[in-house]
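Colleague: I would like to learn how to read a few features of a model like this one. Could we go through them one at a time?

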Amino acid sequence: MDIVVGGIDTSAVTVEWEMAELIKHPKIMKRAQDELDNVVGRNTNVEESHISKLPYLGAILKETLRLHPPAPLLLSRCPSSTCNLGGYVIPEGTQVFVNAWAIQRDPKYWDDPLEFQPERFLQSTNKSNFIGTDFRFIPFGSGRRRCVGIPLVERMVPYALASLLHLLEWRMPEGEEIDLTDKFGIVLKKSTPLHAMPLPRLSDPSLYV
């Protein structure tokens with residue numbers, strides 16, 4: 001049950017953050033849709049086999065997870081014996097939280113840390129994966145107890161986003177603006193749910209059946 005609940009909620013939240021950022025940044029959305037047109041074409045639907053050929057879409061996912069990690073404090077840890085970490089004594093049994101949200105927005109490690117710039121993950125090879133080998137980018141933690149849902153995120157979240165962008169154009173309702181305020185909790189959600197208007201993007205009606 002933990003795996004099912006954790007995988008569904010965090011994946012849905014991540015897709016919502018991705019769509020909110022893309023609607024806020026139409027040039028980035030256009031570049032992603034151009035990539036989809038080149039790889040998928042405009043006469044067929046997105047398939048799972050396309051995902052590995054969409055590097056810019058992958059960069060969008062990573063940049064979204066950098067700014068909006070679904071579990072901002074990761075999962076707590078508890079040392080089995082007293083240890084010294086960075087000059088601090090951590091007593092045995094202490095509940096320890098790692099603030100990934102703050103680390104991934106730290107200006108010491110990131111240029112323009114509050115800006116949504118997927119290109120940073122195309123230019124750098126050091127922060128290019130989810131497995132926690134670079135401690136500046138740890139949306140799923142690190143080490144043996146990192147999140148077991150990484151393969152799910154790598155496959156299902158890009159597939160969902162690619163399908164939404166390939167099939168539809170997205171607009172905000174007239175008079176409304178994107179609100180990127182977050183609601184801090186176990187899962188980092190938008191403080192106000194995203195409401196967006198979809199319009200058909202492809203000319204073949206059978207693709208929407």
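Modeller: Leaving aside neighbours within four places in sequence, R120 is in contact (heavy atoms within 4.5 Å) with E63, R66, W110, D111, D112 and E115. This is a predicted model, in which local features need pLDDT of at least 70 and side-chain atom pairs count only at pLDDT 80 or more, while totals for chains, interfaces and linings use all residues. Residues are numbered from 1 along each chain as its sequence is written, and side-chain values use heavy atoms, with hydrogens and water left out.

Colleague: Is R120 buried or exposed?

Modeller: Buried means under 20% relative accessible area, exposed over 50%, and partly exposed in between, with a 1.4 Å probe and protein chains only; R120, at 10%, is therefore buried.

Colleague: At what angle do helices α2 and α6 pack?

Modeller: Axes are lines fitted to C-alpha atoms, for helices over the stretch in contact, and angles run from 0 to 180 degrees between N-to-C directions. Helix α2 (residues 26–39) and helix α6 (residues 150–167) pack at about 90°, with axes 9 Å apart. M29, A32, Q33, L36 and D37 in α2 meet A162, L165 and H166 in α6.

Methods
Helices (H or I, at least four residues) and strands (E, at least two) are DSSP runs, numbered from the N terminus.
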